[in-house]
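Some notes follow for a colleague who has the sequence and the model open. They take the barrel, then the helices on it, then the charged pairs.

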Amino acid sequence: MEQTPEQAQHESIGHITKRDEMAGRLMIPLDYPDAAEARVLIDKLEGIPCYLKVGMQLFYAAGPDFIRELKDRGYSVFLDVKMHDIPNTVRGGAESITKLGVDMFNVHASGGKAMMAAALEGAAKAVSLHPSLHIPLIIAVTQLTSTSQEVMNGEIGIAGNVEDTVVRYARLAAEAGLHGVVASPQESAAIAAACGPEFVTVTPGIRPAGASLDDQSRVMTPGQAIRQGSHFLVVGRPITAAADPRAAALSIIEEMTQA
């Protein structure tokens, strides 16, 4: 049966809405030594409503002013500084980060429940002093996606398999009141089963089919990760090292949309 113009328009609007939703679940890391190099990529991504992830290298070089710049440009920002310290220090760090207006930041789950709870306390204090702010999504790092079974057992000294460790840390983060965890997409389904489907999973180690694995050990394609229940996908070098980063990002968003 032939569609009416109204039906075609409705489907088009729905498709655009889903694509924008998926764009907002794509996190692109700005792994650059300074703000000038990062801006080159950002300019190429103009108009794509993705998350931008600022890690230690760029944050230590460009500082808080660059975070404010990204927020002024309308981007959601994940400040990926992986705090791991005594609770009081993490509490203060979380307060300072929240004052920047970031949308997400992280701590290491291996710091323990009291430390993770302190991060939430610091964010809440910042909002109480500045009501225009919001509490960011605070997530915990479980095991880095570069960590293989052999490294976790033989070098870090954690017994058992990776998935069991990730799920145990995820439960600990949930008990501390955090919003989610960073984990491999291979563990997303197990985390959802343990902590509920609303508990956020941020998944690095995303590689389109045929892409280089680089230094990642536990990987999945964008479509697979969405189907597994990942909430946010971190995709770095397949976009940032591409000849056309914008086209690469749009291709990944399309794969996410079709999942």
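1. Terms for the sheet. Two strands count as paired if DSSP finds at least two bridges between them. Strands are DSSP runs of E with at least two residues, helices are runs of H or I with at least four, and both are numbered from the N terminus.

2. Basis. This is a predicted model, in which local features need pLDDT of at least 70 and side-chain atom pairs count only at pLDDT 80 or more, while totals for chains, interfaces and linings use all residues. Residues are numbered from 1 along each chain as its sequence is written, and side-chain values use heavy atoms, with hydrogens and water left out.

3. Barrel. Eight strands close into a barrel with parallel pairing, in the order β1-β2-β3-β4-β5-β6-β7-β8. From one strand to the next the twist averages 25°; angles run from 0 to 180 degrees between N-to-C directions, with axes fitted to C-alpha atoms, for helices over the stretch in contact.

4. Pairing of β1 and β8. Strand β1 (residues 26–29) and strand β8 (residues 232–234) run parallel and are joined by two bridges. Opposite Val234 in β8 stands Met27.

5. Helices on the sheet. Helix α4 (residues 64–72) packs on the sheet and touches β2 (51–55) and β3 (76–83), contact meaning heavy atoms within 4.5 Å. The direction of α4 makes about 150° with that of β3. Helix α12 (residues 245–258) lies across β1 and β8, at about 155° to β1.

6. Salt bridges. The structure holds 13 of them, each a side-chain nitrogen of Lys or Arg within 4 Å of a carboxyl oxygen of Asp or Glu. One joins the side chains of Glu254 and Arg19, at 3.2 Å from N to O. Glu254 belongs to helix α12 and Arg19 to helix α1 (residues 5–23), so the pair ties together parts 235 residues apart in sequence. Glu254 is partly exposed at 26% relative accessibility, and Arg19 is partly exposed at 26%; the class lies between buried (under 20% relative accessible area) and exposed (over 50%), using a 1.4 Å probe and protein chains only.

7. Asp43 and Arg73. The closest N and O atoms of this salt bridge are 3.0 Å apart. Asp43 sits in helix α2 (residues 35–44) and Arg73 in the loop between α4 and β3, 30 residues apart. Asp43, Glu46 and Arg73 are linked in a network of salt bridges.

8. Glu95 and Lys125. Here the closest N and O atoms are 3.8 Å apart. Glu95 is buried at 13% relative accessibility, whereas Lys125 is partly exposed at 46%.
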